[in-house]
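Please open the model in your viewer and keep the sequence panel beside it, ready to select residues by number.

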Amino acid sequence: MFSSNDGLCTIGELAEHAGVSVKTVRFYSDRGLLPEASRSAGGHRRYAPEAVERLGMIRSLRGLDLSVPEVRRILDEQDEQDEQNDGAGAGGALEDAVAGRLRSLGSELAALRWREAALRLVQESPPAERPGRLRLVGAVAAPPSTASLARFWRSWLPPRMPARSVTAFLEAAVPHPPEDPRPAQVLAFARLHAYVTRPCGGRGGGSCQPRAHGVAGARASAVLYAGLAEAYELAGGELRRGTEPCPGEALDGFVDAYASTYGAHDTSAFRRVLAGRLAADPRIDRYWDLTAEVISAPGGRPEPTPGSAHDWLLAALDTQLGTTAGLAGALGAAPGEEPADAAPSPGPDVPDGARAVSPR
C-alpha cells in the first residue's frame, strides 16, 4: 500500500490516501485520536496501514458534527472491543453521542423554524406595525421558552399547593409553541409573553389575584383544581364537537368541584349563588385568547383552553338557571325563588373568596 519497505507510511502519504491535508492528520494525531506507529530517524511521524481506516472513521464521526471528546470515547470503546475480540460492533458511546446530537439538532431546527416565522411576520407586517412587532418577537428566545408563563401561574396559584397539583395545572394552562409555527402563532406567543411579564396582565399590583386562594387553603385548593380540570376536559370535548352550552356531566362536575371544596350541597340555590359569584371573577381573557391562537391550526377551529371551557360551563350554568327560573314561574314561584314543592337547599352560601378561584 505504501512505498516504504516496512509497510508504514509518512504523514503525507496517509493524508494523500485519506484525501485530507497533512494539517488535519497532525490535528487528530496531536489529540490522541490517531496513534503513530513509530517515528523515523529524523523524527517524522509514521503510521500503520490501519490508520487509513481509522482516519476514515474519524472523518465520518466528525461529519456528523460529533465533538472531538465524543469521537475519542467512541474510538476508545471500539479499541477495547477489538482487544476483547467480542465482535460487538458499535457500542453505547456511539449510540449516546448520536442521540445527544439528534436532541441538539432538534433544538437547532426548532430555533431556525421559529426565526423564519418571526422574520416572515416582520416582513409581512404593515410598515407602521413593524417596529412594535419587532420589539415583541425580539423579546422572545428562539426556540421560545415557556418559563415566563409558568412563573406567571406559579405566582397566581394558591400558595403551598401540592407540587403534583401545580404541575398538573401548568400542563393544562401553559401552551407549548408549535414545532413549525406560522407568523400569526409567533405573534400570539410573543404577545402572551409580554402579557405575563407585566403585573397581572398590565393592570397593576394584585388586582387579579383571586381572594379564594387565601380562603380555601392549600389542600382544598388542590381538590378544587383537580375537579375543575376534569370538568374542563369534558367541556373541551363538547367545544370540539361544537355543542352549545347545556347542562350535563361537565356542568355537574364543575359545580361539584366547588360544592365539595366548600362543604356545600349542590342545589339550585347553590348554583344561583355560584353563578353570580363566578360572573364577577377577575378576568384574564386575554391570556386564554392568545393561548388559543398559539395552539390552534391557522384557519381551523380554535382549540379549547381552560379559559374557553370555563366560559362554556358558565354559559351552561346560566342556561340551566334560566330554564329553572322559567319552570319556577310556570309553577307560580317568583323569579329567583324555589318552587313551593322543591326540596330545601342546605348550605347555599359560597365563601366570598370562591368567586375568584377559577382560572378566568
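Predicted model: local features only at pLDDT ≥ 70, side-chain atom pairs only at ≥ 80, totals over all residues.

Residues are numbered from 1 along each chain as its sequence is written, and side-chain values use heavy atoms, with hydrogens and water left out.

Start with the largest pocket, which holds about 610 Å³ of space (a pocket is an open set of points on a 1 Å grid over the protein atoms alone where a 1.4 Å probe fits, with protein on both sides within 12 Å along at least five of seven lines; its volume is the space filled by probe spheres set on the points). Select Glu171, Ala172, Ala173, Ala229 and Pro306, which are the closest to its centre among the 26 lining residues (those with an atom within 4 Å of a point).

Next, colour helix 8 (163–173), helix 10 (218–241), helix 13 (285–295) and helix 14 (306–330), each of which supplies at least two lining residues (helices are DSSP runs of H or I, at least four residues, numbered from the N terminus). Helix 10 gives the most, with 10 residues. By class, this lining divides into 17 nonpolar, four polar and five charged residues.

Now move to the second largest pocket, with a volume of about 320 Å³, and select Glu50, Ala51, Glu53, Arg54 and Asp79, which lie nearest its centre among 14 lining residues. Helix 3 (50–63) and helix 4 (68–84) each supply at least two of the lining residues, and the largest share, five residues, comes from helix 3. Here the lining has seven nonpolar, one polar and six charged residues.

Key. Nonpolar A, V, L, I, M, F, W, Y, C, P; charged D, E, K, R; others polar.
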